[in-house]
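Please look over this model with its confidence, its strands and its aromatic contacts in mind. The briefing below goes topic by topic.

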Amino acid sequence: ITRRARRGARGGAGREKPLLRGDAAEAELAGAGAGYSESTRSSLLRLPPDGVCPAGLIAALLSHLDASRPEGHAVLLFLPGVAEIRTLARELALAPAASRWLLLPLHAELPAAEQKRVFAPPPPGVRKVVLATNVAETSLTVADVAIVLDSGRVKLAGYDAAGEYSSLTEGWVSLASRKQRRGRAGRTREGEYWALYSRAVSARMAEHTPPEMQRTPLAGLVLSILSLGLGPPGPFLARALQPPSADAVEESCRSLRLAGALDAADALTPLGAHLARMPLDVRVGKMVLYGALLGCIDPMLTIAAALSTRRSPFLTPFEQRQAADAARKPFTGEHSDHLAYLRAYEGWRGARRAGGGGAGRRFCDEHFLSHVALEELHALREQLSGVLADLGFASSTREAMEGEGEGIASVHHASLVRAIVCAGLYPNVLRARMPDTRFVDTVGGAVEAEDERGIVKFYLAERRGGGGPPPPHPR
């Protein structure tokens, strides 16, 4: 652990004292750690090379702070993600000194009521310990935080151009992000910053977080460049200060050709011209256009908005996970995430239409839904409806079906919704086939062998030549 004391609310770096850490332990011991005691050197070598500092060490540090720091000094502990927050909270709750800590999670998925608890003062005799993701770096300030513990880890959005999938990748923070975290200590009083990693790790940190252009899909950007007549996307993007790789640009063009948005000469097709005007991922936009062509507009607008908002409408409070799962059962009976989004939105909208905003909020409370996320979803859904109208399509199912109630019910059937989702997202469609049942001979006869999960394999099949419709959706 590296301790950095801040002198005053806006003070300088203060003093620094290396204590413990495990990443690049050999380099640390060979350099600045040459004077460490044998017990410290042994501890460094036993710590995990990457990842969050062990809960036992964090608990020991919190106990040390309890004994040496004023009770009113709250602690802000930065962790890489929600899963790490939950795991550490469970482990800290089992520590001998747990009764002296008020453990509060803080991340973007929390409902507003849970987030407000972070700003309230703790009961007497208890120290507030906030376990937060990087949402606490710049988005908010907790006034009574005087001590920051930094794991140095973060999860950033990344994109694999070859595999065409986005992911959250855990790694070390940049020096710029570390400075932001350090600045959370002592905003209103003298504060301290404790880095739960070594100087060797700090020396290898990047100056800044990689720009989004290098870690997000480029398909939408390529469509915009072509629709504006700015020339070939590769040379145009190469003029950026920190351009994406040529391979990433080529993979984006290839995916657009596979989706039918570009022709063989990388010129916009009529489909691509429509997609360039939609504020959506290419395949999500294609899904909405298929819905418009088939008259199934309202469900596809809802699903597209749900896939494009940054918040999930489903809440999982820290201490009520089982209750939240039970409350969501009315939406999950069709075994589809897309249909679950749709049913949750329809239920909320129906409650709000029947009883106003108060009824909508009560519906959210009863089913562990985020009212803020549903409002964002609704606003984006209305925007997408207007985009369809601007493109010359009907903006709602009722408009497309000219008010025929029976026709509306038929085009909203779950089977059609599933088929449109599959067609729009194709070829990013996966089918899992479990291994065939095997039998083994025993003294009592043949019996069914246990599943061997290791032999389950996944294959990505691409259409060759780019022509022909996608295969039929399995039942």
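Is W348 buried or exposed? W348 is buried, with a relative accessible area of 0%; buried means under 20% relative accessible area, exposed over 50% and partly exposed in between, with a 1.4 Å probe and protein chains only. This is a predicted model, in which local features need pLDDT of at least 70 and side-chain atom pairs count only at pLDDT 80 or more, while totals for chains, interfaces and linings use all residues. Residues are numbered from 1 along each chain as its sequence is written, and side-chain values use heavy atoms, with hydrogens and water left out.

**Confidence**

- The chain has a mean pLDDT of 81, and 79% of its residues reach 70 or more. pLDDT is the predictor's confidence in each residue, from 0 to 100.
- Residues 1–23 have pLDDT below 50. Beyond near neighbours in sequence, this stretch has 90 contacts in the model; a contact means heavy atoms within 4.5 Å.
- Residues 463–475 also stay under 50 in pLDDT. The model has seven contacts for them beyond four places in sequence.
- Where pLDDT is low, the predicted coordinates should not be read in detail.

- Strand β3 covers residues 74–78, and five of its five residues are buried. Strands are DSSP runs of E with at least two residues, helices are runs of H or I with at least four, and both are numbered from the N terminus.
- A74, L76 and F78 point one way from β3. V75 and L77 point the other way, and all are buried.
- β3 runs parallel to β6 (residues 145–150), joined by five bridges. Strands pair if DSSP finds at least two bridges between them.
- β3 also runs parallel to β5 (residues 127–132), with four bridges.
- L77 has a partner in each: L149 is its bridge partner in β6, and L131 stands opposite L77 in β5.

- H73 lies in the loop between α3 (55–68) and β3. Its relative accessible area is 17%, so H73 counts as buried.
- Leaving out residues up to four places away in sequence, H73 touches R127, D144, A146, I147, R189 and E190.
- H73 and G191 are 118 residues apart in sequence, yet 8.5 Å apart in space, C-alpha to C-alpha.

**Aromatic rings**

- Rings of Phe, Tyr and Trp (its six-membered ring) pair if their centres lie within 6.5 Å; planes under 30 degrees apart are stacked, over 60 edge-to-face, and the rest tilted. The count by this rule is five aromatic pairs.
- F314 and Y341 are stacked, at 5.8 Å centre to centre with 25° between the planes. This pair links distant parts of the chain: F314 is in the loop between α14 (297–308) and α15 (321–327), and Y341 is in helix α17 (residues 337–367), 27 residues apart.
- F314 counts as buried because its relative accessibility is 16%.
- Y345 and W348 form a tilted pair, at 5.8 Å centre to centre with 45° between the planes. They are three residues apart in helix α17, so about one helical turn separates them. Y345 is buried, at 1% relative accessible area.
- Ring pairs also link F314, F331, Y341 and F363 into a cluster.

**Charge over a ring**

- R153 lies over the face of W172, at 4.5 Å from the ring centre. The rule asks for NZ of Lys or CZ of Arg within 6 Å of the ring centre and within 35 degrees of the ring normal.

**Cysteines**

- The disulfide count is zero, taking a disulfide as a pair of cysteine sulfur atoms within 2.5 Å.
- C296 is buried at 0% relative accessible area, and C364 is buried at 2%.
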